[in-house]
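Welcome, and thanks for taking a look at this model with me. Please keep the sequence and the 3D view open while you read.

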Amino acid sequence: MSAKRTDKIRSFLADGEGVIISGFPNIFYYSGFTSEDAFLVITKDRQILATDFRYIVQAKKESPDFEIYDVAKGVDKLFSGIREDVFGFEENVMTVSEFAKFQHYTKKLVPMSQKLSMPRRLKDSYEIEKIAKAEELAKEALSHTLSSIKVGVSEREVAREIEFYMLKNGAKKTSFETIVASGVRSCMPHGVASDKIIEAGDFVTIDFGCVLDGYCSDMTRTFVVSKATDRQREIYETVLNAQLTAISAIEVGKSCAEIDKAARDIIEKAGYGKNFGHSLGHSVGIEIHESPDFSPKSADKLESGNVITVEPGIYIDGFGGVRIEDVVVIGEKTQNLTNFTKELMII
Ligand code: ZN
Ligand code: ZN
């Protein structure tokens with residue numbers, strides 16, 4: 001797996017060029033190593049994982065295709081043993097002090113974040129399976145927690161119950177801070193769970209996910225507690241219609257902006273255009289926010305192997321909001337990984 005992945009780097013390396021990878025997502029992607037305290041050096045004919053004594057045994061096990069280098073032997077010695085002297089690096093993650101250190105050991109450092117992350121846009125079947133499993137666990141956690149979402153319970157209690165279920169069942173951590181936003185708080189797209197007590201008539205928006213085997217899940221559902229008003233139903237149906245329309249518009253080769261527009265048009269026509277202020281979706285993988293995005297500004301085209309969220313919303317200050325989010329796999333046939341009902345549930 002990793003040998004194949006590092007070949008993707010070799011395909012764009014010039015003679016005399018190598019790369020230094022120091023950010024966790026790409027370390028994990030290219031080597032399979034699951035700790036952050038490491039960096040990779042990859043050239044045409046070598047691939048080295050440098051870490052310290054705490055992780056040597058783990059590195060040998062997790063990254064059998066890499067030469068494991070103990071940094072205690074000196075980073076200067078590592079580089080003096082490599083004939084390349086120009087190195088690509090991840091300018092979006094490398095700290096200034098790390099940059100200064102690596103500059104000392106090399107002739108030239110070239111920014112290469114985008115190129116190095118590019119292969120991660122196209123998930124292979126192994127990765128899709130991992131994301132599907134993470135999404136499945138999130139879905140189970142929500143099913144398990146549904147009976148606890150009721151009048152008198154705080155948003156925080158609901159969030160902790162969902163999280164505990166995911167962690168107890170294999171998740172390493174949540175993929176981002178769990179959002180449970182009820183009543184007027186649901187007008188905040190990123191209202192993380194607070195001490196607010198859930199009341200009758202509240203919209204409750206729950207947006208959450210976990211990291212399982214290194215891959216993220218992400219899903220959102222909005223419920224109404226006790227009894228829904230006509231306006232709540234109208235807003236919910238509009239968001240649902242936008243979401244379903246966008247999903248059915250998805251096709252390999254179409255532009256990401258076009259899919260965003262499919263959802264946005266429906267929300268605009270219903271009179272809520274200004275209440276949908278974020279992009280339609282983002283890719284998910286080793287990180288919770290990856291590329292490409294479904295956004296009005298995106299210049300990307302959909303490719304087979306993209307795994308992207310579709311998450312339209314309507315947010316009305318002083319009233320509340322609705323968001324519905326699924327994760328879909330782009331391919332010959334669009335595959336929805338979030339098999340959880342989208343009918344308005346009154347709980
Ligand atoms: Zn989400
Ligand atoms: Zn999302």
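Which residue of β2 does isoleucine 20 stand opposite? Isoleucine 20 stands opposite valine 41 in β2. Let us build the picture around that pair.

## About the model

This is a predicted model, in which local features need pLDDT of at least 70 and side-chain atom pairs count only at pLDDT 80 or more, while totals for chains, interfaces and linings use all residues. Residues are numbered from 1 along each chain as its sequence is written, chains are lettered from A and ligands numbered from 1 in the order in which they are written, and side-chain values use heavy atoms, with hydrogens and water left out.

## The protein as a whole

The protein has 10 helices and 19 strands; these are DSSP runs numbered from the N terminus, with helices being H or I over at least four residues and strands being E over at least two. Its radius of gyration is 23 Å, close to the 20 Å from the globule rule for 347 residues, so the protein is as compact as a globular protein of that length. That radius is taken over C-alpha atoms, and the rule is 2.2 Å times the number of residues to the power 0.38. Along the principal axes, the C-alpha atoms fill a box of roughly 70 × 40 × 35 Å.

Of the 347 residues, 56% count as buried, where buried means under 20% relative accessible area, exposed over 50%, and partly exposed in between, with a 1.4 Å probe and protein chains only. The accessible surface comes to about 15,300 Å², and 52% of it belongs to carbon and sulfur atoms; areas come from the Shrake-Rupley method with a 1.4 Å probe, and for residues only the protein chains shown count as cover. Among contacts (heavy atoms within 4.5 Å) between residues at least 6 apart in sequence, 63% join residues at least 24 apart.

## A mixed open sheet

An open sheet is formed by 6 strands in the order β4-β3-β2-β1-β5-β6, with mixed pairing; two strands pair if DSSP finds at least two bridges between them. At the edges are β4 (67-70) and β6 (108-111), each pairing on one side only. From one strand to the next, the twist averages 25°. Strands of a sheet pair through backbone hydrogen bonds, either parallel or antiparallel.

Both senses meet at β1. With β5 this strand pairs in the parallel sense over 3 bridges, and valine 19 has glycine 88 as its bridge partner in β5. With β2 the sense is antiparallel, again over 3 bridges, and here valine 19 stands opposite isoleucine 42. Strands β2 (residues 38-42) and β3 (residues 47-51) pair in the antiparallel sense over 5 bridges, forming a hairpin with 4 residues between them.

## Covered strands and the helices across them

Helix α2 (residues 24-31) lies across β1 (17-21), β2 and β3, at about 55° to β2. Helix α5 (residues 96-105) lies across β1, β2, β5 (86-89) and β6, at about 135° to β6. Axes are lines fitted to C-alpha atoms, for helices over the stretch in contact, and angles run from 0 to 180 degrees between N-to-C directions.

Isoleucine 48 is found in β3 and is buried, with a relative accessible area of 3%. Beyond four places in sequence, its contacts include Phe39, Val41, Tyr69 and Ile82. Phenylalanine 66 lies 18 residues away along the chain, with 5.3 Å separating the two C-alpha atoms.

Threonine 309 is found in strand β15 (residues 307-310), and its relative accessible area is 0%, so it is buried. Its side chain makes a polar contact of 2.9 Å with that of glutamate 311; such a contact is a pair of N or O atoms within 3.5 Å, where within protein one must be able to donate a hydrogen and the other to accept it, and residues adjacent in sequence count only if both atoms are side-chain atoms. Not counting residues up to four places away, threonine 309 touches residues including Asp218, His282, Phe294 and Glu325.
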